[in-house]
Amino acid sequence: MKIFIPRDMAAVAVGADHLATAIAAEAQARNIPLTIIRNGSRGLFWLEPLIEVATAAGRIGYANLSVADVPSLFESRFFEGGPHDRCIGVVERLPYLARQTRFTFARAGVIDPVSLDDYRRHGGYRGLETALSLGPAAIVAAVKESGLRGRGGAGFPTGIKWETVARASAPRKYIVCNADEGDSGTFADRLIMEADPFMLIEGMTIAGIAVGATQGYIYLRSEYPFAIRIMNEAIAIATRAGWLGRGIAGSRFDFDLEVRVGAGAYVCGEETALLESLEGKRGQVRAKPPLPAIKGLFGQPTVINNTISLASVPFILAEGAQRYAEIGYGRSRGTMPVQLAGNIRHGGLFECAFGITLGELIEDVGGGTASGRPVRAVQAGGPLGAYFPPALFDTPYDYEAFAKRDGLIGHGGLVVFDETADMAKMARFAMEFCAHESCGKCTPCRIGAVRGVETFDKIAAGIEPEQNLALVRDLCETMKLGSLCAMGGFTPYPVLSAMNHFPEDFAAKPLPLAAE
C-alpha cells in the first residue's frame, strides 16, 4: 500500500512532515505495512497537506489534514481508499486539475522526485534520447519550431537564443538556469525543482548538446533550501547513472552541472546581474550589448534561460515540436504555468494553453477571492507588473495581448487583491521596492525610485497632489526609458496602472480638523 505525502516547501509549511511522522507511527502501532513516498506537490495548495493513496480506481486524495485526523483515517481504512470526511475522491478528476494541459508539470506530485527509476517509468529522458539521435543542429531547429519563448518574463524566443550561442566560436560555452525566482506570488520554478528535478537536468543537458556547452549552473536563492537539497541529490544520482558527466548515456557528449546559491537579491533575477553574482562579484547589471549569448559567463557564449523554459524542452524533444506548437494563442505557443496567489480561494499552479482570459483564471479557476469580497485588482507579472482591474478581465493570457494593455505576463504570477486594497499605497510600495532592491548601477533606477517614494508621501500628505502626480508620471517616463534593466524600467508598470485604473485612491484626502 503506497501513501503519497508531499515534501515540498508549501506542504511542509502547513504540517506535511508532522503528518508523515504520525501516519508512519500509527501504521507501525497497528501493524499495517505502508510505503510512504514523499512526493512533490501537484500545486493544489489550498488543499495542503494533501495525501494520496494508490488504489485500483486511481489515487484517492485526503485534503487539509492535521495530525489529529490520523487515528480516524486509519479507522476508515484510508490506506485502501476508504471513506472519510476529508476524502476528495480521485485527485486527477478534480476540476481544477482535470481541465489543465500539463505538458511541463505532468509528473509534478505524481513521482518520487529523487527516484530515477520513477522518472524513467513516467517518460523521463525520452527527450534526451531523441536529442542524442538528432544532433545539435536538429535540436535547435526543433526548439525554434516549437515556438517556445522564455518563461522568465521577457518572452524572447528560446530557439533564437540557442542558435546564437551554437553559432558562436569560443573555447568554452555555458548553460545557466535562472532559478532565482523572486517575483511575488510565484512558485513554478520551486515546484519543478522540488517535484521533478530530473526534468530540469534533462532540459539543461539537451541545451548543452545543442549549443556545444559542457558545463551548466543552476542559480537559485538561499530562500529555497528544499530545492537546493533536492537538486543536489538529483544531480548526484544522474551523474552516478551516467546521465551527466563524460560521455552522457554512452554518447560523445559531455555535460556537468552544479547548483550555485545566491543571497536572494531581486536584481539577480536579471540575467546580467545573475552572471556577475555567479562569477563571485556583486550582483549588478551589465550594459548590453554584448548579449550574454555572445559574451556571457566568464566572457564566454552563454545560454541563460529560466527554469520553466529549460524544463519545457524535454517534452518538446520527446513529443515533437509540432505537438507543443499546435496549442496556444497568437505568437504565444505551448503552455504556461500560471501561479494563482494572494487573496484567492483556490491558490495554486494551473498549467494551461495561452489564450484563456484573465477573468477565467481569477473567477472560474481561482474561485474569486478567499475573503469573499469582490476582486478589485490583479497584479500580473510580479512586483513590477501592472495592476489589472476587473474591467480588463477579458484580456487573453498572451504576451502581446497583455502588452497592448500596458501589462506583462512576466513569470506567470497573478496576485489578487479584494476591494479593501489601497492602490495608492501599492503604487508607493512599487517605488519603495525598487529603491530597496536597485543594484545602484544606473541613475534613473537608483535615484528615481527614492524620489518616487518621496513624491508619493507628499501626495498622501495632501501637498500639491495634482502637480506631484504629474511629477510621478514624468519620473516614470525617465525610469522606463533610461534604466539599464527591467528593475527600474518596469517599476512604472505598477505605478502607472494604479494611477490610471484607480484614480480615486490618489485624490487629495480631506485635511483633519484643527484642534480647538
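The following dialogue explains how several descriptions of this predicted model are reached.

Guide: In this predicted model, local features need pLDDT of at least 70 and side-chain atom pairs count only at pLDDT 80 or more, while totals for chains, interfaces and linings use all residues. Residues are numbered from 1 along each chain as its sequence is written, and side-chain values use heavy atoms, with hydrogens and water left out.

Visitor: Why is H7 called roughly antiparallel to H8?

Guide: Helix H7 (residues 136–146) and helix H8 (residues 158–167) pack at an angle of about 155 degrees, and their axes are 7 Å apart. Angles under 35 degrees count as roughly parallel, over 145 as roughly antiparallel, 65 to 115 as roughly perpendicular and the rest as oblique. H7 is therefore roughly antiparallel to H8.

Visitor: Which residues of H7 and H8 meet?

Guide: From H7, Ile-139, Val-140, Val-143 and Lys-144 meet Thr-158, Gly-159, Ile-160, Trp-162 and Glu-163 of H8. Contact here means heavy atoms within 4.5 Å.

Visitor: What makes Arg-42 count as buried?

Guide: Buried means under 20% relative accessible area, exposed over 50%, and partly exposed in between (1.4 Å probe, protein chains only). Arg-42 has a relative accessible area of 5%, so Arg-42 is buried. Its place is in the loop between strand E2 (35–37) and strand E3 (51–55).

Visitor: What joins the side chains of Arg-42 and Glu-92?

Guide: The side chains of Arg-42 and Glu-92 are joined by a polar contact of 3.4 Å. The term requires a pair of N or O atoms within 3.5 Å; within protein, one must be able to donate a hydrogen and the other to accept it, and residues adjacent in sequence count only if both atoms are side-chain atoms.

Visitor: How do you know that Ala-321 is buried?

Guide: Ala-321 has 8% relative accessibility and therefore counts as buried. Its place is in helix H14 (residues 321–325). Leaving aside neighbours within four places in sequence, Ala-321 is in contact with Ala-142, Glu-145, Ser-146 and Ile-316.

Visitor: How many bridges join E3 to strand E4?

Guide: Five bridges join E3 to strand E4 (residues 58–62), and the two run antiparallel. Two strands pair if DSSP finds at least two bridges between them. Thr-55 stands opposite Gly-58 in E4, and a hairpin joins E3 to E4 through two residues. Strand E1 (residues 2–4) is joined to E3 by two bridges, also antiparallel, with Val-53 in E3 as the bridge partner of Ile-3.

Key. Axes fitted to C-alpha atoms, helices over the stretch in contact; angles between N-to-C directions. Helix = DSSP H or I, 4+ residues; strand = E, 2+ residues; numbered from the N terminus.
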